[in-house]
Amino acid sequence: MTERELGGTSEPTLRDLSEGLIRVYGTDYGVHSPVWITRFTDAARQAETYRKGRVLLAGDAAHVHYPAGGQGLNVGVQDAVNLGWKLAQVIQAMSPEWLLDTYEAERHPVGAKVLQNSLAQVALMRRDDRSQAAWKAVSELLKMDEPRKRYAAMMTGLDIRYDFGEGHPLLGRHMPDLDLVTAKGPQRVFALLHDARPLLLNLGESGGFDIAPWADRVSLIDALFAGPWELPAIGAVTAPTAVLVRPDGYVAWVGDVTQVGLADALTTWFGSPATE
Ligand SMILES: Cc1cc2nc3c(=O)[nH]c(=O)nc-3n(C[C@H](O)[C@H](O)[C@H](O)COP(=O)(O)OP(=O)(O)OC[C@H]3O[C@@H](n4cnc5c(N)ncnc54)[C@H](O)[C@@H]3O)c2cc1C
C-alpha cells in the first residue's frame, strides 16, 4: 500500500493499514493478525565514499533503494565478503593499507548499478499510460533469450566484473562452482573456499607450480576438470590451465600455458613474498 504523504515516523499499525485499504478499496477486507507491518520508501541513495580512514560502510549503510528485484541483501553481503579478507590482511600487516581502497573501487560501481536498475523498475511499475507502455516494451525484450539471460545475471550479481585489466574473460569475474577431481577425491570449488584462504587451482600438469613464498597464505590445489567452462553472463569461455581465486571467490589471475603475471598477482592481492 502506498501512503499518500511522506514523513510518517511512527511504527505503522494495523489500524493505519486498515484505514489505507478502506481509502483505496472501500473495505479493509477484515484484515487481521498481521505477522509484520513495516514502512519503506523508494529513496535511492548511495554514500559518496565507502571509506573514510577507519570508517567503512557496507550494506544498506552504503546504499539504499526500493526493494524491487530483491537485490539489497545480496549486494550488502557481497560488500562485506569483499571487505572482510582485505581487512584481515591489513590488520595482520600482510598487505598494505591501499588494499582497503580496492573495496570502494570494486563495490561502489556495483551499488550504483543496482540503484540505477531499481530506479528503472520503479519507473516501470507506475500505472500511467507511458510507464505501462515502457513496461510492455521491456516485457517483450525479456521474452528473448539474450536480454533475459543478461537481466538475470545482473539481478543475481553474476555479471559483475572487477577491473583487473585485460585478459581472459574469467579475470575479475566470480569463479564458477566446478566439480573437480583432486587427490582427495571429488571436490567443489566453493568447498575449497570455505576456509576463506586464497586458492591457486592448478588444472594443468600436476606439480607444475611452486608458490613457496606465499605457501603460508595461499592454498595450492592440483585438480582436474573435464566439463565445459560456462559463465552465467557470457557463456562458454576457453578452459584455463590455472586460476588464482581470491577469498571472496573472484578470479585474480588466469593461467594459459605460462605463469606470466602470477607472482605480480600474488603480491598485489596477498602481499609480498615471505623471505627466509
Ligand atoms: C520490504 C523490503 C523487502 C526487501 N526484500 C528484499 C529481497 O527480497 N531480497 C533482498 O536481497 N533484499 C531485500 N530487501 C533489502 C534488504 O532487507 C536489505 O538490503 C538488508 O536487510 C540490509 O542489511 P544490512 O545489514 O546492511 O542493514 P540492516 O538490515 O538495516 O541492519 C542494520 C542494523 O543496524 C541496527 N542499527 C542501526 N543503528 C544502530 C546503532 N546506532 N547502534 C546499533 N545498531 C544499530 C539496525 O537496528 C539494524 O538491525 C528488502 C527490504 C525491504 C524494506
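## Sorting the residues

Ala, Val, Leu, Ile, Met, Phe, Trp, Tyr, Cys and Pro count as nonpolar, Asp, Glu, Lys and Arg count as charged, and the others, Gly among them, count as polar. The model discussed here is predicted.

## The second largest pocket

Start with the classes in one lining. The second largest pocket is lined by 12 nonpolar, five polar and eight charged residues. Its volume is about 470 Å³. In total, 25 residues line the second largest pocket. Closest to its centre are Val110, Lys113, Asp159, Ile160 and Arg161.

Which helix gives the largest share of this lining? Helix 3 does, with seven residues. Helix 2 (72-91) and helix 5 (145-155) also take part, each with at least two residues.

## The largest pocket

Now turn to the largest pocket. Its volume is about 890 Å³. The lining is made of 24 residues. Met1, Thr2, Glu3, Phe40 and Thr41 lie nearest the centre of this pocket. Two elements give two or more residues to the lining: helix 1 (14-25) and helix 3 (98-125).

By class, the lining of the largest pocket holds 11 nonpolar residues, six polar ones and seven charged ones.

## Around the ligand

Which residues surround the ligand? They are Phe40, Gly59, Asp60, Pro67, Gly70, Gln71, Gly72, Leu73 and Asn74. Phe40 also belongs to the residues nearest the centre of the largest pocket. Sorted by class, the shell has three nonpolar, five polar and one charged residues.

Backbone atoms of the protein come up to oxygen atoms of the ligand at several places. For leucine 73, a backbone N or O atom lies 2.8 Å from a ligand oxygen. For glycine 70, a polar backbone atom is 3.1 Å from a ligand oxygen. For glycine 72, the distance from a polar backbone atom to a ligand oxygen is 3.5 Å. On its own, the ligand has 1,000 Å² of accessible area, and the protein covers 33% of this.

## A buried arginine

Arginine 246 sits in the loop between strand 11 (242-245) and strand 12 (251-255). Is this residue buried or exposed? Arginine 246 counts as buried because its relative accessibility is 0%, and buried means under 20%.

Which side chain does arginine 246 contact? Its partner is glutamate 106. A polar contact of 2.8 Å joins the two side chains.

Most residues other than glycine have a negative phi. Two residues in this model are worth a look with that in mind.

Take tyrosine 29 to begin with. Its phi is positive, about 55°, although tyrosine 29 is not a glycine. Tyrosine 29 lies in the loop between helix 1 and strand 1 (45-46). Why does tyrosine 29 count as exposed? Its relative accessibility is 59%, and exposed means over 50%.

Next comes alanine 196. Its phi is also positive, about 60°, and alanine 196 is not a glycine either. This residue is found in the loop between helix 6 (189-192) and strand 7 (199-202). Alanine 196 counts as partly exposed because its relative accessibility is 47%. That class lies between the limits of 20% and 50%.

How values were computed. Residues are numbered from 1 along each chain as its sequence is written. This is a predicted model: local features need pLDDT of at least 70, side-chain atom pairs count only at pLDDT 80 or more; totals for chains, interfaces and linings use all residues. Side-chain values use heavy atoms; hydrogens and water are left out. On a 1 Å grid over the protein atoms alone, a cavity is a set of points where a 1.4 Å probe fits but cannot get out, and a pocket is an open set with protein on both sides within 12 Å along at least five of seven lines; lining residues have an atom within 4 Å of a point. Grid points are joined across faces, edges and corners, and a volume is the space filled by probe spheres set on the points. Helices (H or I, at least four residues) and strands (E, at least two) are DSSP runs, numbered from the N terminus. A residue is near a molecule or strand if one of its heavy atoms lies within 4 Å of it. A polar contact is a pair of N or O atoms within 3.5 Å; within protein, one must be able to donate a hydrogen and the other to accept it, and residues adjacent in sequence count only if both atoms are side-chain atoms. Accessible areas come from the Shrake-Rupley method with a 1.4 Å probe; for residues, only the protein chains shown count as cover. Buried means under 20% relative accessible area, exposed over 50%, partly exposed in between (1.4 Å probe, protein chains only).
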